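Subject: The two-chain model for you to look at

Hi,

Here is the structure I promised to pass on. Please open it alongside this note, and I'll walk you through what turned up.

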Amino acid sequence: MKKILYPIVTLCTLTVILAACHKESKVTPVTTDPNTGKVFAVVGDQVGRPGIATVFVAAADKDNFNATIPSAMGALYQPKFETQLQAYNGGAFTTNILGLTAAQFTGVLATDVLNVSTTGKTTYYDGTNVLTGRALTDDVIDVSLILIFGGPTGASNPGLTSDHVNGNDKPFLASFPYEAAPW
Amino acid sequence: MKKAKQIVAAAVMTLALGGGILWASDHADAPNVKGKSTDITDLYVFQSPTNPDNMVFVGNVQGLLSPASTATAAFDENTLIEFKIDNTGDNVEDLVIQCAYKDGKMYVYGPVKPATTGLSSTIVGNAAVVVPVTAYGASPTVVTSTSGIKAFAGPRDDPFFFDLDQFHAILGGTASGFNNPGKDTFAGTNVMSVVVELPKAMLKSTGKIGVWLRTSQNH
């Protein structure tokens, strides 16, 4: 289980990322496709795993986090995430139920990429498989709360390790597009 | 419980110092995207429940839409919604699935090698699938390409669930823990969603991939 969670954190050279205001080219390519060659260079939002930016990224860093390519995230954000994790735990975080130390756990989280298995079960965490995807039904909040507040056994701080909302407010569909119809 | 209170007290202090943290999934997470067509709520990637040879990519934007506002919600042709896929383990995208809206339809490109990696995206080639955006209240319109790529775009119930209000109460010091049962703050709210299902073989993977969802604008 642990091995799955130990990514090789590439300590990339700090790259200054310029979110250039690149204007769309006025040259219309000869094609029947209305978008081919269109350039989108203004940074918007970026998400890998659920809740990472909102839980671990300080307000002042939020826009910068969205403008940081994942390969540069670990070096820039792991130390900050570790500080935040300890702050949530009053400085008392030792390891979590996956056996990860504060440095190891935040090392995983800081590179905000969703790991997905292409050969097996895809789930955020189902008790056996860890970070092999994210299904619609996955209770990612409880998983996150347990890993952040639950201590080495997952049993610490029981009032904080589940929000007791265990599923969606509408059943998902059995067939494509799987998500429920809008309210 | 005493320890929990100390932890919460510490967390509250951190929040006060940090200027406040709202924990949704990624809903309205950053000043530059809050309330805009670029605001991502969630990314889901999972093996197709109906075909184990397929992978499903779900990208949701524009969260917390009430039913009334969903009726007028729309995709933005100036915003690209893009799944970035790393299949070599270096957290650099090797493939992209690009979703660009134009005149009532969502154009889905790829999976294809990107023109460049990083923060600037260029639409590569011609769309693999063009799917009309499903209107609010209508049955889902689904288009499947000859290559086996299936696509949907339109409003859906937000699949995210969390008692965010109680979490705020905990952080605000007016509660010491969650309630049981909790209350889903996202109940009754919608998102604008793009769903793409495709054969896993197109991902050229050796067993695992890394995926992130990016939005970017053309000006």
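Let's begin with strand β3 of chain A. A:L114 and A:V116 point to one side of β3(A), while A:N115 and A:S117 point the other way. All four of these residues are buried. Please keep in mind that this is a predicted model.

What does β3(A) pair with? Its partner is strand β11 of chain B, residues 208-217, and four bridges join the two strands, which run antiparallel. If you want to find the pairing on screen, look for A:L114, whose bridge partner in β11(B) is B:V211. A:N115, in turn, stands opposite B:G210.

That pairing sits within a wider meeting of the two chains. In total, 80 residues of chain A are in contact with 102 residues of chain B. Several elements of chain A each supply at least two residues to the side that touches chain B: the strands β1 (39-40), β2 (42-47) and β3 (114-117), together with the helices α2 (52-56), α3 (62-66) and α4 (70-88). Which of them gives the most? That is β2(A), with six residues.

Now a few words on chain A as a whole. There are six helices and three strands in chain A, and along the sequence they come in the order α-β-β-α-α-α-α-β-α. Chain A has 183 residues, and 50% of them count as buried. If you take the contacts in chain A between residues at least 6 apart in sequence, 51% join residues at least 24 apart.

Finally, how confident is the predictor? For the complex, the predictor gives an ipTM of 0.90 and a pTM of 0.88. Chain B has an average pLDDT of 90, and 89% of the residues in chain B score at least 70. One stretch of chain B needs some care, though: over residues 9-22 the pLDDT is below 50, and this stretch has 22 contacts in the model beyond near neighbours in sequence. Where pLDDT is low, the predicted coordinates should not be read in detail.

Best wishes

Note on methods: Residues are numbered from 1 along each chain as its sequence is written. Chains are lettered from A and ligands numbered from 1 in the order in which they are written. This is a predicted model: local features need pLDDT of at least 70, side-chain atom pairs count only at pLDDT 80 or more; totals for chains, interfaces and linings use all residues. Two residues are in contact if their C-beta atoms, placed from the backbone, lie within 7 Å. Two strands pair if DSSP finds at least two bridges between them. pLDDT is the predictor's confidence in each residue, from 0 to 100. A residue is buried if 20 or more other C-beta atoms lie within 10 Å of its own, exposed if 12 or fewer, and partly exposed in between; C-beta atoms are placed from the backbone.
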